[in-house]
Amino acid sequence: MADEQARLRIVIQEKQRYLSELLDYNKRLDRTVVLYISAAYAAIGLRAAGKLDLSAGLKDDHYVWLAFLFIFLNACILLHGLSQSSWCISIAKFIHLKLDCELLGMTGNAVSNERCNKNQLHEVDFLGFDDWRNEIKGMANDTRGVVVPLWAFLVLASSVCSLTFVNVPRFLESYAGPGYIAVVILTLIHGFVFFQGIWLFIFCRHYHDGHVSFSPRKRFVVFCFALALTALFLVSGYYAAIHHL
């Protein structure tokens, strides 16, 4: 009996530690989003007030490097967001599928094999804080599913728009070698971002599954989809570059 109580305390403490870590990752992710949006609002405000003059970028080809750096940093922000989100989901899944099941067993409640089936996810017990899909939690899931693509679109759109403030075609004529190398590197980085973003979406859909594996065919489909998104981003960037202000 004493051993069971000691084990129960250990599991509860472990759950509290993981919950604290989960909240910390969420705070970091929220802070990143707020800072980026604040910077975007500030830039728009300065531009509207006439205090931010970007016309020099069209006159000096070296400003293209600043645009490329801005695009690179945006890709880093997206990767950072994907990393933070992945850690959050992995910790929450560990708590949901591992620790909660142990705690349920220790409290004398039988852990049903059907616990994560869709027809039972609406039932909430005192440990299943993230099991239900209706009412307020359902709304939270829906809004999160919309705001994440909007957030990613904001970052990618700002990257594309930055190319309208510099003369990329003239820059590539003068610095063809390093210029095209930079374009290739940025394209590969964004291809990696899209690839990882798609996998994060898929893994979130398998949140309640204990073991997740995918066939080579599905992996190839994900690769092709990421390749299509990368091509779309590249075409958008090309269109913005040739229609600079």
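His190 touches Ile71, Ala75, Leu156, Thr230 and Phe233 when residues up to four places away in sequence are not counted, a contact being defined by heavy atoms within 4.5 Å. In this predicted model, local features need a pLDDT of at least 70 and side-chain atom pairs count only at pLDDT 80 or more, whereas totals for chains, interfaces and linings use all residues. Residues are numbered from 1 along each chain as its sequence is written, and side-chain values use heavy atoms, with hydrogens and water left out. His190 lies in helix α6, which covers residues 176-205, where helices (H or I, at least four residues) and strands (E, at least two) are DSSP runs numbered from the N terminus. With a relative accessible area of 1%, His190 is buried; the term buried stands for under 20% relative accessible area, exposed for over 50%, and partly exposed for values in between, with a 1.4 Å probe and protein chains only.

Helix α6 also contributes other residues to the buried set, among them Gly179, Ala182, Leu186, Val193, Phe194 and Trp199. The 30 residues of α6 should span 44 Å at 1.5 Å a residue, and its end C-alpha atoms are 44 Å apart, in agreement with that value; the expected span of a helix is taken as 1.5 Å times one less than its number of residues.

Helix α7 has 27 residues and reaches 39 Å from its first C-alpha to its last, close to the 39 Å expected at 1.5 Å a residue. Phe225 is also found in α7, which comprises residues 216-242, but Phe225 counts as partly exposed at 47% relative accessibility. The C-alpha atom of Phe225 is separated by 8.4 Å from that of Ile198, a residue 27 positions apart along the chain, and Ile198 is itself one of the buried residues of α6.

The secondary structure as a whole comes to seven helices and zero strands, and the pattern read along the sequence is α-α-α-α-α-α-α. Among contacts between residues at least 6 apart in sequence, 79% join residues at least 24 apart. A further pairing across the sequence is given by Gln16 and Ile95, which are 79 residues apart along the chain and have C-alpha atoms separated by 9.7 Å; Gln16 is found in helix α1 and, at 48% relative accessibility, counts as partly exposed.

The count of salt bridges comes to two, a salt bridge being a side-chain nitrogen of Lys or Arg within 4 Å of a carboxyl oxygen of Asp or Glu. In one of them, Asp24 pairs with Arg28, the closest N and O atoms being 2.6 Å apart. Asp24 and Arg28 are four residues apart in helix α1 (residues 2-48) and are therefore separated by about one helical turn. Asp24 is partly exposed, with a relative accessible area of 34%, and Arg28 likewise counts as partly exposed, at 35%.

Asp61 forms a salt bridge with Arg170, with the closest N and O atoms 2.8 Å apart. This pair links distant parts of the chain, given that Asp61 lies in the loop between α2 (56-59) and α3 (63-106) and Arg170 in helix α5 (residues 168-174), 109 residues apart. Asp61 is buried at a relative accessible area of 13%, whereas Arg170 counts as partly exposed at 31%. Not counting residues up to four places away in sequence, Asp61 touches Asn167, Arg170, Phe171, Ser174 and Tyr175.

Confidence is expressed as pLDDT, the predictor's confidence in each residue on a scale from 0 to 100. The protein averages a pLDDT of 82, and 82% of the residues score at least 70. Among the elements of the protein, α7 has the highest mean pLDDT (93) and α2 the lowest (62). Where pLDDT is low, the predicted coordinates should not be read in detail.
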